[in-house]
Amino acid sequence: MSLAAQLLTLPKVFDPRGSLSFLEAGKNVPFAIRRTYWIFDVPGGETRGSHAFKNSHELIVALSGSFHVELHDGERPQSFVLDRSYKGVYVPPLQWRTLTNFSTNSVALVLSSSDYDEEDYIRDFSQYVRIRKTR
Ligand code: TYD
């Protein structure tokens, strides 16, 4: 059964020396991690993303600062606020996803189930809605 998009609360290990959180494939990451990338130095007011993946699963974490993850399944929008280093959003394939409202110095860590492949991107929203309807 495929998982729905959802906010995940990651483990947090509090310590007077500083806090620690972690991700483990197959445990709190619901897919095998193939690639990791991160988005940083986002100028005020910019958005990233605005596309969907045909097959890739992602888990997005605000390692630093905060931003919003806006999803759209072709019918309904869904919005998640990532403002803690121990929170993540799981994004299954075929979700239109946009990252917005980046705070200064925020860092978005993205875990992906696949290699970078432009062929896996759907960058046109109306094409995305058409593909969703066929699935
Ligand atoms: P992209 O995923 O299109 O980011 P956004 O949707 O926020 O604009 O990535 C921007 C460019 O970065 C893309 O055209 C190619 C490059 N890129 C890689 O080379 N490897 C990667 O893993 C990613 C995510 C992007």
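Biologist: Is R97 buried or exposed?
Modeller: R97 is buried, at a relative accessible area of 2%. Buried means under 20% relative accessible area, exposed over 50%, and partly exposed in between, with a 1.4 Å probe and protein chains only. Bear in mind that this is a predicted model: local features need pLDDT of at least 70, side-chain atom pairs count only at pLDDT 80 or more, and totals for chains, interfaces and linings use all residues. Residues are numbered from 1 along each chain as its sequence is written, and side-chain values use heavy atoms, with hydrogens and water left out.

Biologist: Which strand is R97 in?
Modeller: R97 sits in strand β10. Strands (E, at least two residues) and helices (H or I, at least four) are DSSP runs, numbered from the N terminus.

Biologist: What does the side chain of R97 make a polar contact with?
Modeller: With the side chain of E58, at 2.9 Å. A polar contact is a pair of N or O atoms within 3.5 Å; within protein, one must be able to donate a hydrogen and the other to accept it, and residues adjacent in sequence count only if both atoms are side-chain atoms.

Biologist: And which residues is R97 in contact with, leaving aside neighbours within four places in sequence?
Modeller: Among them are Y37, G49, S50, H51, F53, E58 and L71. Contact here means heavy atoms within 4.5 Å.

Biologist: OK, where does Q95 lie?
Modeller: Q95 is in the loop between β9 (87-91) and β10 (96-100). Q95 counts as buried, at 10% relative accessibility. Beyond its neighbours within four places in sequence, Q95 has contacts including H51, F53, L71, D73, Y128 and R132.

Biologist: Switching to charges: how many salt bridges are there?
Modeller: The count comes to 7 salt bridges, each being a side-chain nitrogen of Lys or Arg within 4 Å of a carboxyl oxygen of Asp or Glu. In general, side chains of opposite charge can pair when their charged atoms come close.

Biologist: What does E118 pair with in a salt bridge?
Modeller: E118 pairs with R123, and the closest N and O atoms are 2.7 Å apart. E118 is partly exposed at 36% relative accessibility, and R123 is partly exposed at 46%.

Biologist: Which side chain meets D15 in a salt bridge?
Modeller: That of R17, at 2.8 Å from N to O. D15 is partly exposed, with a relative accessible area of 26%, while R17 counts as exposed at 77%.

Biologist: And which one meets E24?
Modeller: K27, with 3.7 Å from N to O. K27 counts as exposed at 64% relative accessibility, and E24 is partly exposed at 32%.

Biologist: Which residues are linked in a network of salt bridges?
Modeller: D73, E75 and R76. D73 also turned up in the contacts of Q95.

Biologist: What about backbone angles, what is the phi of D41?
Modeller: D41 has a positive phi of about 55°, although it is not a glycine. D41 is placed in the loop between β4 and β5 (48-53) and is exposed, with a relative accessible area of 63%.

Biologist: And what is the phi of N101?
Modeller: N101 has a positive phi of about 55° and is not a glycine. You'll find N101 in the loop between β10 and β11 (107-112), and it counts as partly exposed at 48% relative accessibility.
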